[in-house]
Amino acid sequence: MPSVKLLFACRVVPVLALLAACAHGSSDETKSEAEQELTTLYQRTCGGRLAQACFEQAERLRVGDGVPKDVARAATLYELGCNGDDLRACVALGVLKEEGRGVAKDEAEAARLYSRGCERDLPEGCGHLALLYGEGRGVAKDLAQAVRLYERGCAGDDRLACNNLGVLTLMGGFGVEQDVAAGMGMLVQACNRSLGVACLTVAREFDQGTRTRKDARLASSYFRTACGLGEKDACAFANTAEKPEPTPTATPEEGAKLEEIRAMCETGSGVGLGMACYVMGTAYEKGGAGVAVNPGRATMFYQRACDHEVPEACGDVRRMLGLAADGTKAEAPKQSVLQSLQLDPAKTAPRKPKGSVLQSLQLDVGKVTSSAKPAPRASIDRWKDECRDGKGEGDACARLGEVLLEGSAGLPVDVTKAMQLLEDACMKRTPSACVRLWRVLSFGDENLKIKPAPLVGLVFLETGCEARNGGPACEALGMALINTSRRYANPGKGMQALRDGCFTHEDSRSCAVLIHLTRQLADSGQEGLNAEARRSLPLVLAQGCKSHMRLACKESGQPLPEDNLGVRNLRADCDAGDPDACADLAHEYRQANRVDRDLEEELRVAEKGCSGGSARACGHLAMRYSETVTGGMPRDLDNAFARAEQACAMKSWGACNQLARLLQEHRHLGADAPQVQEAQALDCLYRPVAWRPKECAK
């Protein structure tokens with residue numbers, strides 16, 4: 001078990017890839033003693049590779065895969081991997097701590113580990129954490145939070161989250177509105193991810209016919225699947241149920257053809273994708289060409305076909321879920337569910353979803369769509385006017401400098417002018433420009449022929465840290481100065497920079513590092529320092545909560561604020577008419593790291609930014625309109641096309657790329673269609689030079 005000191009010695013090296021530096025790291029500068037010891041530790045425990053090796057070895061030890069089973073040893077390696085930032089290892093360690101296997105039972109610590117994974121988009125962490133919130137173990141019982149976490153986990157295809165949310169939705173629980181169709185869909189999704197209990201629930205629903213129709217064939221199939229996945233309760237039913245249909249024989253040619261269709265469905269795009277998935281659904285439902293009957297797989301492929309605009313598949317999804325009579329199409333899906341439940345539609349009809357995002361915002365669809373037709377002014381041209389060769393607005397100069405440094409938006413790379421604009425912007429207290437200069441100067445850039453000048457870069461960071469919204473600059477400055485392997489290290493000054501970032505700017509990243517360092521000092525044996533650190537920790541945690549750190553709020557017992565200072569500044573700038581601030585704010589709402597998620601507010605500020613001339617805001621809307629978002633937002637393809645065309649005309653390569661995909665997937669145009677080729681050509685023209693694929697040379 002490594003000491004905290006050793007692990008932290010690796011974690012504070014910001015320019016190396018965390019444990020990659022510990023396992024392989026070589027540098028012109030001599031490694032610290034702690035780094036050398038940690039390298040030896042990893043070679044001894046995980047084969048001298050990255051933290052991933054610890055997770056993989058722990059998995060084998062946990063189940064006894066080719067090695068003697070040793071859960072305690074697995075827990076040790078999970079902890080090593082977790083400290084090396086392998087989130088899978090964190091969640092796996094949480095499971096052991098929750099159950100008390102191989103380690104002492106600690107449900108509160110398990111919740112912390114699950115939260116760490118969930119907050120960084122590991123769906124399994126959300127599913128496990130939701131269960132603790134639902135049962136009030138290790139955390140205060142919060143049913144609404146449990147549901148939110150189940151939704152987040154299932155959206156990431158976590159089988160535990162989909163199973164539990166499916167049960168709640170199927171039966172109505174934890175305040176979730178009953179929806180048999182949605183609940184059965186989630187359970188089938190979990191069953192297809194090899195979760196036996198989900199298959200058993202689906203089997204019982206078809207066997208009993210209380211909420212869905214009674215279907216002995218489907219019940220038999222799911223009972224057999226559940227039994228094969230280790231659910232003993234299902235085996236008795238499986239043994240007495242109908243015998244499985246034999247796998248049909250197929251010629252090699254038929255098998256190869258079906259595999260081509262499967263590949264087209266799973267990895268393809270364009271006009272044939274939906275029909276390929278529909279053919280696969282039919283094959284799994286009826287059997288043929290070497291494919292055995294598998295209703296779960298059939299439902300999955302039908303759903304994918306439905307998602308890609310094959311209308312027949314949508315009815316088949318409902319039929320496979322037992323929500324309509326065999327062979328019939330459910331013209332009114334919600335009505336058929338109510339009929340299967342024998343309820344009064346007038347009394348129990350669920351709320352209708354909003355017709356479109358534009359309706360939810362009370363905007364005129366015609367006006368918004370038509371406004372996207374004229375070719376709008378590109379953001380880059382607006383920045384040129386606002387910057388005026390460094391004499392104008394700092395934010396515009398920073399954005400223009402970034403474009404010239406990477407050679408995007410149709411402009412060639414101009415390193416000299418870019419660096420000058422970034423320096424002008426930094427001197428005008430634009431923190432993003434200061435941070436960009438540090439990133440270039442800290443190690444140099446051979447491709448851009450920029451030599452390393454880290455001391456100059458530190459001066460820029462100091463300037464950015466003093467500015468409004470300077471949290472990211474303070475965090476970068478602090479991390480650079482506490483790195484004791486560098487000749488310019490100054491830990492005391494680095495700590496002060498982190499304090500400035502945390503307390504002055506409410507920067508959550510600065511607070512996270514400061515909390516970590518304060519804990520290290522509190523646990524150290526240095527007299528005086530540890531006592532002072534222990535006294536400071538509650539204050540630092542409270543400030544971390546104020547910066548919108550969820551874990552800090554939980555630990556300090558404070559409610560999570562709606563947002564932090566950086567977001568409030570963006571909101572003020574957006575309200576004052578800065579379209580780029582509106583685009584940045586919309587992105588913050590989507591990420592939901594520094595502000596609570598609010599879909600309608602996200603779309604409102606994105607609309608404002610787009611109408612004000614931000615290509616990024618228009619591209620954000622195109623992306624949002626083309627997807628289905630949890631929380632009631634339906635897909636709106638007409639406006640997705642309008643906004644993608646608008647943003648592409650404003651020289652956004654990402655929007656041009658999206659437009660090409662939309663044309664192929666939803667207007668069923670081939671790759672050689674003129675509209676598609678034009679969008680792809682603009683994507684190549686506006687994309688940063690270093691990111692252009694080989695196809696752009698054509």
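Helix axes are taken here as lines fitted to C-alpha atoms over the stretch in contact, with angles running from 0 to 180 degrees between N-to-C directions. In this predicted model, the axes of helix H34 (residues 579-591) and helix H35 (residues 599-611) approach within 8 Å and cross at roughly 155 degrees. Because angles over 145 degrees count as roughly antiparallel, H34 and H35 are assigned to that class. The crossing in which H34 passes H35 is left-handed. On the H34 side, the contact is made by Pro579, Cys582, Leu585, Ala586, Tyr589 and Arg590; H35 contributes Glu601, Glu602, Val605, Ala606, Lys608 and Gly609. By residue class, this contact of H34 with H35 comprises seven nonpolar, one polar and four charged residues. An α-helix has 3.6 residues a turn, so residues three or four places apart point the same way.

Helix H12 (residues 196-208) contains 13 residues. The distance from the first C-alpha of H12 to its last is 18 Å, close to the 18 Å expected at 1.5 Å a residue. The buried positions in H12 are Gly196, Ala198, Cys199, Leu200, Thr201, Val202, Ala203, Glu205 and Phe206. Just after H12, Gly209 adopts a positive phi of about 65 degrees.

Helix H36 (residues 615-625) is likewise described by its burial. H36 is mostly covered, with nine of its eleven residues buried. The buried residues of H36 are Ala615, Ala617, Cys618, Gly619, His620, Leu621, Ala622, Arg624 and Tyr625.

Conventions
Residues are numbered from 1 along each chain as its sequence is written. This is a predicted model: local features need pLDDT of at least 70, side-chain atom pairs count only at pLDDT 80 or more; totals for chains, interfaces and linings use all residues. Side-chain values use heavy atoms; hydrogens and water are left out. Helices (H or I, at least four residues) and strands (E, at least two) are DSSP runs, numbered from the N terminus. Angles under 35 degrees count as roughly parallel, over 145 as roughly antiparallel, 65 to 115 as roughly perpendicular and the rest as oblique. A crossing is left-handed if the near helix is turned anticlockwise from the far one by less than a right angle, and right-handed if clockwise. Contact means heavy atoms within 4.5 Å. Ala, Val, Leu, Ile, Met, Phe, Trp, Tyr, Cys and Pro count as nonpolar, Asp, Glu, Lys and Arg as charged, and the others, Gly among them, as polar. The expected span of a helix is 1.5 Å times one less than its number of residues. Buried means under 20% relative accessible area, exposed over 50%, partly exposed in between (1.4 Å probe, protein chains only).
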